[in-house]
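Reader: I have a structure open and would like to learn how to read it, feature by feature. Could you take me through it slowly?

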Amino acid sequence: MDSPIFGPLWLSAQLAGVTMVLLIILGTPLAWWLSQTESRWKPAAQAVVAMPIVLPPTVLGFYLLILLGPQGAIGSWWVQLTGSTLTFSFTGLVIASCIYSLPFAVQPLQNAFESLSQQTLEFAWTQGASKVDAFFTVAVPLSLRGFVTAAVLSFAHTLGEFGVVLMVGGNIPGETRVISIAIYDQVEMLNYSSAHQMSLMLIVFAFCVLLAMYLVNRRWSRL
Amino acid sequence: MNESRTVVSDTHVALQHTLHRDDFSLHVDVTIPAKGVTGLFGASGSGKTTLLRCIAGLENRNASGSQPVHKRGIGYVFQEPQLFPHLDVHGNIRFGSKRNGSPQLDEQRVVKMLGLANLLHRKPTELSGGEAQRVAIAAVLLRSPQLILMDEPLASLDQRRKDELLPYLDRLHDELSVPVVYVSHNIDEVSRLCDHLLLIDDGKIIASGGLHEVLARLDIPILYGRNAGTVILATPERYDSDFNLTRFRFSGGELQVPGEYDARSPNLRLRIAASDVSLCLARPQKTTILNILPAEVDDVQPTGPSTDLVRLAIGDDFLLAQVTRLSVTRLDLKKGDPVFAQVKSVTVRR
């Protein structure tokens, strides 16, 4: 796995996979709250969630670097706790990716939850299901498409990130050198054939993942 | 102060619900019998559905006395059947019974009573509106509720589906002991299905009592016009096959009604609308009206710019007649006068 091509690809896949799982776990309650709340803070919360779509990755990367660095609020605490730094480490990349890809998990989930009929939930409650029970036995099964979309988009978007990774993670083989960084590296070294190989692989992979998602969604929408 | 309390005892259900909103407030403190169907009747916007949602706990959640929805033991049949699309009919029925211990009613019996045996493995999308509503009712029955709320369960159905579902509701009424609150703005439905009546107007209960008693009241404007009329209990006696007429007996005499009715089913409900009753001082001769009954004027109430409602005592029952004020003046009708009521049409409600 330390071949110049497969090493970075495997690292990218690991990063995207861990980020996807974390974002589904963390994004689901957030998306549920956004879909159900009538709080006046909802627009502000939605704006914060959507910010990574608008901001240049360098802005995000810059502040994350400060925050996660050994002098930063989170970074110094992490150093105390574990003795190692967050920046230029895989863990740091996971945190950065979760923030960078957050909207791609939260928005499809929120859309799915908002399209649920409120009365279907009310029927579940009056049938004796608690809020939590009704969430897992009614809301989640009826929002499966949203979960698939959220999982695929957050995975794919993490796979494609570059700027944030470069600023927070740098370019350490086996630790932070993900595929997009590796391609940039190869181009810098005028190693075009290897850049071609990796780029083509990524193009095929991205197409396959997105095609699979749309096929699954199309099949479900016919049910 | 918002309040939300529903107490079901062996004999009574006490409903105490207060809700204040900017544009509407509800103030209900009423007791209904713990057996039979109580109709909640009122114009649209009068607060029927809001009261039902308060009783279920779907509204007014922060009120004093409020319990979480799932702990109230109150079943809710929505106007549009709300089945779970990812479960089949059987899964939908089981959803509630699984969460509320062993049901008081046997699943087989409920499935049979609502005619669902052939639908158990269908998905909700494969059901007609009436079938879906029957499934919803079965699901609610099997969650062993202390009280069932029905919010115009027929309103979303076309006439054919309504006629299809009504006999099932009749059976529920006859076979169940769980109290039901049935919301409707259709007086015919109420007359057919309910034993008690709550009339609601602008968030307040303006009348409460037995069906027959409330329908005979003259002081309630929402019971004027096309809603005016009474229900009497009558027993079919003899069928005349030559003319396809059945002779019914009630406390005030006999009534002939088109159609054949089984003499073994006593106490059918007959609804007589006030607009189908006219009055004569002498027994009319040579008339096409079949049903002419001697009666006594009990009360006269002006109900519109040119119409009056006359209540007639006949046996132990009451009839209402909607007549013009001019006629009341000409005939000088007043309490205690003997008259003949001509009944133009009778609908058998069951």
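Author: What follows is a conversation about chain division, strands, a helix, a core and a chain contact. This is a predicted model, in which local features need pLDDT of at least 70 and side-chain atom pairs count only at pLDDT 80 or more, while totals for chains, interfaces and linings use all residues. Residues are numbered from 1 along each chain as its sequence is written, and chains are lettered from A and ligands numbered from 1 in the order in which they are written.

Reader: Into which domains is chain B divided?

Author: Domain bounds come from an automatic or database domain assignment, and here chain B is divided into domain 1 (3-215) and domain 2 (229-348). Taken over C-alpha atoms, the centres of these two domains of chain B are separated by 33 Å. Their contact (two residues are in contact if their C-beta atoms, placed from the backbone, lie within 7 Å) takes six residues from domain 1 of chain B and five from domain 2 of chain B.

Reader: How should I read a sheet, and what is the order of the strands in the open sheet of five strands?

Author: Strands of a sheet pair through backbone hydrogen bonds, either parallel or antiparallel. Helices (H or I, at least four residues) and strands (E, at least two) are DSSP runs, numbered from the N terminus, and two strands pair if DSSP finds at least two bridges between them. In chain B, the open sheet has the order β12-β11-β10-β13-β19, with antiparallel pairing. Strands β12 (253-258) and β19 (347-348) of chain B stand at the edges, each with a single partner strand, so one side of each is left without a neighbour in the sheet. Six bridges join β12(B) to β11(B), residues 245-250, and F250(B) has G253(B) as its bridge partner in β12(B).

Reader: Is strand β8 of chain B mostly covered or exposed?

Author: A residue is buried if 20 or more other C-beta atoms lie within 10 Å of its own, exposed if 12 or fewer, and partly exposed in between, with C-beta atoms placed from the backbone. Strand β8(B), residues 196-201, is mostly covered, since five of its six residues are buried. Four bridges join β8(B) to strand β4(B), residues 37-41, in parallel, and L40(B) is partnered there by L198(B).

Reader: Where does helix α5 of chain B bend?

Author: The bend at a residue is the angle between axes fitted to the seven residues ending there and the seven starting there. Helix α5(B) bends by about 25 degrees at L165(B), and a proline, P167(B), follows within four residues. The buried residues of α5(B) are L165(B), L169(B) and L172(B), and their cover includes α4 (129-142) and α6 (187-193) of chain B.

Reader: Which residues touch the most other members of the largest nonpolar core?

Author: A nonpolar core is a set of buried Ala, Val, Leu, Ile, Met, Phe, Trp, Tyr and Cys residues joined through C-beta atoms within 7 Å. Of the 142 residues in the largest one, V135(B), A138(B), L149(B), A321(B) and A341(B) touch the most other members. Both domains of chain B give residues to this core, so it lies between them.

Reader: How many residues of chain B are in contact with chain A?

Author: There are 18 residues of chain B in contact with 14 residues of chain A. Strand β5(B), residues 74-77, and helix α2(B), residues 89-98, each supply at least two residues of that side of chain B, and β5(B) gives the most, with three residues.
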